[in-house]
Amino acid sequence: MLRQRTLRGPVQAIGIGLHSGQRVSLNIKPGPIDSGIVFRRVDLDPVVELPALAHRITDTRLNTTLSADVEGPGLQVSVHTIEHLMSALAGLGIDNAQIDITASEVPILDGSAGSFVYLLQSAGLEEQAAPKRFIRILKPVEIVDGDKWVRLEPHEGMKFSFEIAFGQAAIDATGQRIEIDFATTSYVQEIARARTFVMASEVELLRKHGLALGGSLDNAIVVDDDRVLNSDGLRYRDEFAKHKALDAIGDLYLIGHPILGAYHARKSGHHMNNLLVRAVLDDPESHEIVTFTQRRNLPTFSLDWG
């Protein structure tokens, strides 16, 4: 039987929020069976729990923001920029975790999911005495907005394809389209270290609006039209496209379980990813919950799932 997975013990990280610039402490702990991923604002009295679920996402401008509720006082209690941590949890197959946080934004660390992967692996992973649940896609579900689109369709495994188009020379010179099949591709090796990115021309405007206050060359790729300003260059030849896939993996994990299906997107972002997940959840005929009691029946995943 393929079992649910949590952490063997707690692990802590301290850093700053990408947009708030605020110092924050993150303590990731084991979660009980069937509890899912739950954020906890421990800086508040009483502590407020925020289950990481698609219908609790209240803002998708430049990041994915999770709120305690979608209306009333709970709307004011949020955790911003959860996508990189959610991506790391998904990539390592962690079903249940409690995330205690002392501010309203997850620390950006190095701008990728790689640091979170390292933290989670250092805590150790542990199987639990319950079957892992998957959401199997039964029919295509698609969201279209002009020349942007995103789609989930049936596939016995996990596949991602993503096409970007930013019209910036430095980005256009790299891989604009990627295809990832997690039967043969390692999330940890090929996706997790892809960093977030920003155009140098946009930084001043973002900061005027109270955003990117914690951003730097240490936690983001900065692009100045035809060149990358980071002295160490790119980590992957197609790092920009891979980061968009990294974000999508995190956004899709807000469906509540790992997905069995193929994700395809062109110029999608957090907003369209969230609309796609909601569309699947709102259509009972589009999916089913499955478990695998015999490993021989399990679709092939990468070694990161162990």
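Ground rules, quickly. This is a predicted model, so local features need pLDDT of at least 70, side-chain atom pairs count only at pLDDT 80 or more, and totals for chains, interfaces and linings use all residues. Residues are numbered from 1 along each chain as its sequence is written, and side-chain values use heavy atoms, with hydrogens and water left out.

Five strands, in the order 2-3-9-4-5, form an open sheet with mixed pairing. Strands here are DSSP runs of E with at least two residues; helices are runs of H or I with at least four; both are numbered from the N terminus. Two strands pair if DSSP finds at least two bridges between them. At the edges sit strand 2 (11-16) and strand 5 (48-51), each pairing on one side only. On average, neighbouring strands of this sheet are turned by 20° against each other, direction ignored. For such angles, axes are lines fitted to C-alpha atoms, for helices over the stretch in contact, and the angles run from 0 to 180 degrees between N-to-C directions.

Strand 2 and strand 3 (residues 23-30) run antiparallel, with 6 bridges between them. I16 sits opposite R23 of strand 3.

What packs on the sheet? Helix 1 (residues 83-91) does, and it touches strand 3, strand 4 (37-41) and strand 9 (97-101). Its direction makes about 145° with that of strand 4. Contact means heavy atoms within 4.5 Å. Helix 2 (residues 114-123) lies across strand 2 and strand 3, at about 160° to strand 2.

On to the annotations. The unreviewed UniProt entry places the feature "binding site" at H84, H243 and D247. UniProt positions are in the numbering used here, feature names are shortened, and annotations may be inferred rather than shown by experiment. These residues are spread over 164 residues of sequence, yet they cluster in space: the largest C-alpha distance is 9.5 Å. H84, H243 and D247 are included in the lining of the largest pocket. A pocket, on a 1 Å grid over the protein atoms alone with a 1.4 Å probe, is an open set of points with protein on both sides within 12 Å along at least five of seven lines; lining residues have an atom within 4 Å of a point.

Take H243. It lies in helix 6 (residues 239-252). Is H243 buried or exposed? Buried, because its relative accessibility is 2%. The cut-offs are under 20% relative accessible area for buried and over 50% for exposed, with partly exposed in between (1.4 Å probe, protein chains only). Beyond its neighbours within four places in sequence, H243 contacts H84, G111, A194, R195, T196 and F197.

D247 is in helix 6 too. D247 counts as buried because its relative accessibility is 8%. Leaving out residues up to four places away in sequence, D247 touches E83, H84 and H270.

H270 next. The unreviewed UniProt entry gives H270 the feature "active site". H270 lies in helix 7 (residues 270-282). At a relative accessible area of 11%, H270 is buried. Its contacts, not counting residues up to four places away, include T60, E83, D247 and D251. Which residue makes a polar contact of 2.8 Å with the side chain of H270? D251, through its own side chain.

T196 also touches this region. It sits in the loop between helix 4 (187-190) and strand 16 (197-199). T196 is buried, at 16% relative accessibility. H84 and H243 are among the residues T196 touches, again outside four places in sequence.

For contrast, S201. It belongs to helix 5 (residues 200-208). S201 is exposed, at a relative accessible area of 65%.

Last stop, strand 11 (residues 134-137). F134 and R136 point one way, I135 and I137 the other, and all are buried. In a regular strand, side chains alternate between the two faces of the sheet. Strand 11 runs antiparallel to strand 20 (residues 287-290), joined by 4 bridges, and F134 stands opposite V290. With strand 19 (residues 259-266) the pairing is parallel, over 2 bridges. There, I135 has I259 as its bridge partner.

Note on methods. A polar contact is a pair of N or O atoms within 3.5 Å; within protein, one must be able to donate a hydrogen and the other to accept it, and residues adjacent in sequence count only if both atoms are side-chain atoms.
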